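Reader: I have a new structure to look at. Can you walk me through it?
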Amino acid sequence: MTAPGWYFKPNSEHRQPEVYGGEAFIDKYGCVYLGSSEEKVIYLTFDAGYENGNVEKTLDVLKRQEVPGTFFILPNLVKSNTALVKRMHEEGHLVGNHSYSHKNMSNMPFEAFEKEITDLEALYAEYTGYTMSKLFRPPEGAFTEQTLQNCARLGLTPVFWSFAYADWDNNKQPDPQAAKEKILSNVHNGMVMLLHPTSATNAAILEDVIVTLKNEGYRFGRVDELCVPQTTAAELDYYKEKGMVFSENPNGGKVVALTFDDGPHPEQTPKVLDVLEKYGAKGTFFVIGKNIAGNEAVVRRILDDGHEIGNHTYTHPLRSGSSDALLEEAAKTTELLESTFDYSPVLFRPPGGNISGSMIESICASGYKCVLWSWRMDTRDWASPPVESVVQTVLRDVKFGDIILFHDNVYGTSPTAEALEIILPELIERGYSFVTVSELIAG
Ligand SMILES: [Zn+2]
Ligand SMILES: [Zn+2]
């Protein structure tokens, strides 16, 4: 199976390009490839496999211009040019993972994939004393949905681009003037540029390009700005204290809340419902609004079986950008549930659990309770791990009052229903019963 590598469709109107055919799963995995369409901001990224004198020149330019970049490196650079790599980190750049052996990893099994990543992380730590960022650029830009799942399991953010050009062949370097024109004619808001820092042409024109763009009002950002919105542990504690965010209820009695995100799904949701029914367990289903069309009977059964439904946005954006955008997402799903099922959800769970303090404030001001999960109880079943791994995550660490995170819409083979068949009787044996989230947090 060959999947197309990452690509973008350039245009000459300075609009943000369409990338990878607009495939929706790209955003589901939190890939970074474009910044805000509203802001004149540019992100420089460099794939740095070795040094030929031009990587140092590139760093000199970035330092003079006080512009941050992200360098995706390979082992050779760490070993042969340790001082240069340390300098990247020390001068405020991000150092990301470009794999250990620079092979096409699009169909690589998880264990081999993990080794490619962790071997480079270990080497980097050993040589530099620093910790490598969790940013990853797939070699050759080659990937499949499986690759992105592997990244998710390892906590890696895949970083692609919205502009690149033929700058990598040292024997066929582009003409500097033509290269400069090409870059400037493709500039767009939120541009993520892929450059090769070994390119003599890039080394010659980079400073000129940066100065020109600064004069046009562009700012240079670091790609970690584009990673998903987050709250600090202290912020979360504050909102939990105020009864706005819930992730467990240790005083709720001998109960747990089973939660299922991302459905409804025509096959996976009924399988989960069958197991819950068999053991007399109640659960909470955080549905994605756009998945409801065609699956109305599934939603109807969730309600008829006595489970709770929560709002998980309409399109599952991992980066909503603003509180208003997130509210709009929530409102669309609530309206659909009200008009079709006469049901008003009171619980809201942000996609990926990614939410900022101001988003929590607006969601709660609209009457929702924001529900996360017990941090030990993230089964990561959506990454399609073996059944045993889901079972172990729950049975090893579960405590009374936990909110357990599952998914009833998983790409590929879902381990969830099978895992529940093992988990539920064992927890019943241990004296647990299963309640909805609203019951758990009221208890
Ligand atoms: Zn490469
Ligand atoms: Zn989700």
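This is a predicted model: local features need pLDDT of at least 70, side-chain atom pairs count only at pLDDT 80 or more; totals for chains, interfaces and linings use all residues.

Reader: Start with the metals. Which residues coordinate the zinc ion (ligand 1)?
Author: H98 and H102 do, each through NE2, at 2.1 Å.

Reader: Is H98 buried or exposed, and why?
Author: H98 counts as buried because its relative accessibility is 4%, and the cut-off for buried is under 20%.

Reader: And H102? What does its relative accessible area make it?
Author: H102 has a relative accessible area of 35%, so it is partly exposed. That class lies between the buried limit of 20% and the exposed limit of 50%.

Reader: Now the other one. What are the protein donors of the zinc ion (ligand 2)?
Author: They are D262 through OD, and H312 and H316 through NE2, lying 2.1 Å from the ion.

Reader: What spacing do those donors follow along the chain?
Author: The spacing for the zinc ion (ligand 2) is D-x49-H-x3-H. Within that set, D262 and H312 are 50 residues apart and link distant parts of the chain. D262 sits in the loop between β12 (255–261) and α10 (268–278), while H312 sits in the loop between β14 (308–311) and α12 (323–341).

Reader: Are D262 and H312 buried or exposed?
Author: Both D262 and H312 are buried.

Reader: Which residues are on which side?
Author: On one side of β3 are V41, Y43, T45 and D47, and on the other are I42, L44, F46 and A48. Both faces are covered.

Reader: Why the every-other-residue pattern?
Author: In a regular strand the side chains alternate between the two faces of the sheet.

Reader: Which strands does β3 pair with, then?
Author: One of them is β10 (residues 219–221), joined to β3 by 3 bridges in parallel. Strand β9 (residues 191–195) is also parallel to β3, over 5 bridges. Strand β4 (residues 69–73) runs parallel to β3 as well, with 5 bridges.

Reader: Who is the bridge partner of V41 in β10?
Author: R219 is the partner of V41 there. In β9, T45 is partnered by L194, and in β4, L44 is partnered by G69.

Reader: Last thing. What unit do β3, helix α2 and β4 make?
Author: Together with helix α2 (residues 54–65), strands β3 and β4 make a right-handed β-α-β unit.

Note on methods
Residues are numbered from 1 along each chain as its sequence is written. Chains are lettered from A and ligands numbered from 1 in the order in which they are written. Side-chain values use heavy atoms; hydrogens and water are left out. Donors are N, O and S atoms within 2.8 Å of the metal (3.2 Å for Na, K and Ca); water is not among the atoms, so sites may look incomplete. Buried means under 20% relative accessible area, exposed over 50%, partly exposed in between (1.4 Å probe, protein chains only). Helices (H or I, at least four residues) and strands (E, at least two) are DSSP runs, numbered from the N terminus. Two strands pair if DSSP finds at least two bridges between them. A crossover is right-handed if, with the strands pointing away from the viewer, the path from the first strand over the helix to the second runs clockwise.
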